[in-house]
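Good morning. I will take you through one structure today, so please look at the sequence and the model as I put them up.

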Amino acid sequence: VTFITKKRNHVLDITLDELKELADFEITNDDNNVRINVKKILKIGVSIGFAVKTPYKSTCSIRTSGGNISASNVIGNHDFKTSGGNLNFENISGKIIANTSGGNIKINNSKADIISETSGGNVSMGNIEGNIKTYTSGGNITITNAKFDVIAETSGGSIDLTEVQGL
């Protein structure tokens, strides 16, 4: 686990002990699970991000209340949820469940069955081998080169499907 800390949009080069002065957080690692819980940011204008490297075959369950989630090069069942950020995935295999309340969803070059939903953003997918079910209430949906069944719904935008092959 590595961390990226910014203060007023400037990246800080700090130690873990110095990070403890900026945020109340907990990192635990047990039974092959890594849990990161940022309980409270102690200084105004500070944001903290984490990068977690996993084995190629890993199941990911990631939740954030205000940040983006990105994942790449993993196989397994994955569940991603953010209240205020974007979701970006590349080269994922298995199953993806992706939900965001306020961001965009982008998934490329993946062999996965996908269920995704965003309340306020756009959905973009390309080079997908797997069934897709996606919904946005306020954005556009663009899917290019999908090899299985696609269900795409939007309440407030357009849908653009190119090279989509159902079974």
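On the scale used here, buried means under 20% relative accessible area, exposed means over 50%, and partly exposed is in between, with a 1.4 Å probe and protein chains only. N91 is found in strand β8. Its phi is near 55°, a positive value in a residue other than glycine.

A word on where this comes from. This is a predicted model, in which local features need pLDDT of at least 70 and side-chain atom pairs count only at pLDDT 80 or more, while totals for chains, interfaces and linings use all residues. Residues are numbered from 1 along each chain as its sequence is written, and side-chain values use heavy atoms, with hydrogens and water left out.

Now the overall picture. The protein has 1 helix and 14 strands. Helices (H or I, at least four residues) and strands (E, at least two) are DSSP runs, numbered from the N terminus. The C-alpha atoms fill a box of roughly 55 × 35 × 20 Å along the principal axes. Of the 167 residues, 29% count as buried. Contact means heavy atoms within 4.5 Å. Among contacts between residues at least 6 apart in sequence, 9% join residues at least 24 apart.

Next, the other residue with a positive phi on my list. N9 has phi near 70°, and N9 is not a glycine either. N9 lies in the loop between β1 and β2, the latter being residues 10–12. Is N9 buried or exposed? N9 is exposed, with a relative accessible area of 69%.

Back to strand β8, which covers residues 87–100 and includes T100. T100 is buried, at 4% relative accessible area. Which residues does T100 touch, not counting those up to four places away in sequence? They are T82, G85, L87, I105, E117, T118 and S119. T100 and V1 are 99 residues apart along the chain, and their C-alpha atoms are separated by 24 Å.

For the helix, take E21, which is in α1, residues 16–22. E21 is exposed, with a relative accessible area of 57%. Leaving out residues up to four places away in sequence, E21 touches L42 and K43. The C-alpha atoms of E21 and K43 are separated by 8.4 Å, and the two are 22 residues apart along the chain.

Last, the largest pocket. A pocket is found on a 1 Å grid over the protein atoms alone, as an open set of points where a 1.4 Å probe fits, with protein on both sides within 12 Å along at least five of seven lines; lining residues have an atom within 4 Å of a point. The largest pocket holds about 1,600 Å³ of space, where volume is the space filled by probe spheres set on the points, and grid points are joined across faces, edges and corners. Its lining has 38 residues, and I36, F50, V52, I62 and R63 lie nearest its centre. Which strand gives the most to the lining? That is β4, with 7 residues. Strands β1 (2–7), β4 (33–41), β5 (46–51), β6 (60–64) and β7 (69–82) each supply at least two residues.

That is the end of my part. Thank you.
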